[in-house]
Amino acid sequence: MADIKALVEELSKLTVLEAAELAKALEEEWGVSAAAAVAVAGPAAGGGDAAPVEEKDEFDVILTGDGGKKIQVIKEVRAITGLGLTEAKALVEGAPKAVKEGVNKAEAEEIKKKIEEAGGTVELK
């Protein structure tokens, strides 16, 4: 057991690049990938139950339409994104297009609410 602890301590000192090189070397040596080993070990650890679904923490806010209220939606898109009039107009007219990408759930919901209040339709991905 002491040998395993010592090995873990040594491995903890590796840089990210060194750890990646080690993983690649072990994959080549043993003919398996770390991802495959985790996928196989994951369900077994849960006692046969399905793995818990991770809640998404980043969303893309996609404008899907202007709902016939293009001017109001353009104004709202400008306020949200800081785009100029021409860019915001192009975004709205080119729907479906991303208004914002990689935002947290609260911000995505707030943007969706604002655009829908202006008359547009929005989808969160």
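What we are looking at is a predicted model, so a word on confidence before going on. The average pLDDT over the chain is 80, and 79% of the residues score at least 70. Confidence is lowest in helix 3, residues 34-45, where the mean is 51. The highest value belongs to helix 4, at 91.

Back to the strands. Strand 1 and strand 2 run antiparallel and are joined by four bridges. In general, strands of a sheet pair through backbone hydrogen bonds, and the pairing can be parallel or antiparallel. Here we have an open sheet of three strands, in the order 2-1-3, and the pairing is antiparallel. Which strands are at the edges? They are strand 2 and strand 3, the latter being residues 121-124, and each of them pairs on one side only. On average, neighbouring strands of this sheet are turned by 20 degrees against each other, direction ignored.

Staying with Phe59 for a moment, there is also Ala106 to mention. Ala106 sits in helix 6, which covers residues 105-118. In sequence, Ala106 and Phe59 are 47 residues apart, while their C-alpha atoms are 9.7 Å apart in space. Is Ala106 buried or exposed? Its relative accessible area is 57%, so Ala106 is exposed.

Next, helix 5, residues 85-93. The buried residues in this helix are Ala88, Leu91 and Val92. Looking down the axis of helix 5, these buried residues fall within an arc of 95 degrees, so they line one face of the helix. What does that face pack against? The buried residues of helix 5 pack against strand 1 (59-65), helix 4 (70-81) and strand 2 (97-103). Two of those partners, strand 1 and strand 2, are the ones joined by the four bridges.

Now the charged side chains. How many salt bridges are there? The count comes to five. I will go through some of them.

One is between the side chains of Lys70 and Glu93, at 2.9 Å from N to O. Lys70 belongs to helix 4 and Glu93 to helix 5, so this pair ties together parts that are 23 residues apart in sequence. Lys70 has a relative accessibility of 32%, so it counts as partly exposed. Glu93, at 42%, also counts as partly exposed.

Glu93 has another salt bridge, to the side chain of Lys89, at 3.1 Å from N to O. Why are these two separated by about one helical turn? Because Glu93 and Lys89 are four residues apart in helix 5. Lys89 is partly exposed, with 38% relative accessibility. Taken together, Lys70, Lys89 and Glu93 are linked in a network of salt bridges.

A further salt bridge joins Glu123 and Lys125, where the closest N and O atoms are 3.4 Å apart. Glu123 has a relative accessible area of 35% and is partly exposed. Lys125 is partly exposed as well, at 47% relative accessibility.

To recap helix 5: Ala88, Leu91 and Val92 are buried, whereas Glu93 is partly exposed and so is Lys89.

Methods:
Residues are numbered from 1 along each chain as its sequence is written. Side-chain values use heavy atoms; hydrogens and water are left out. Buried means under 20% relative accessible area, exposed over 50%, partly exposed in between (1.4 Å probe, protein chains only). The arc is that of the directions from the helix axis to the C-beta atoms. Contact means heavy atoms within 4.5 Å. pLDDT is the predictor's confidence in each residue, from 0 to 100. Two strands pair if DSSP finds at least two bridges between them. Axes are lines fitted to C-alpha atoms, for helices over the stretch in contact, and angles run from 0 to 180 degrees between N-to-C directions. A salt bridge is a side-chain nitrogen of Lys or Arg within 4 Å of a carboxyl oxygen of Asp or Glu.
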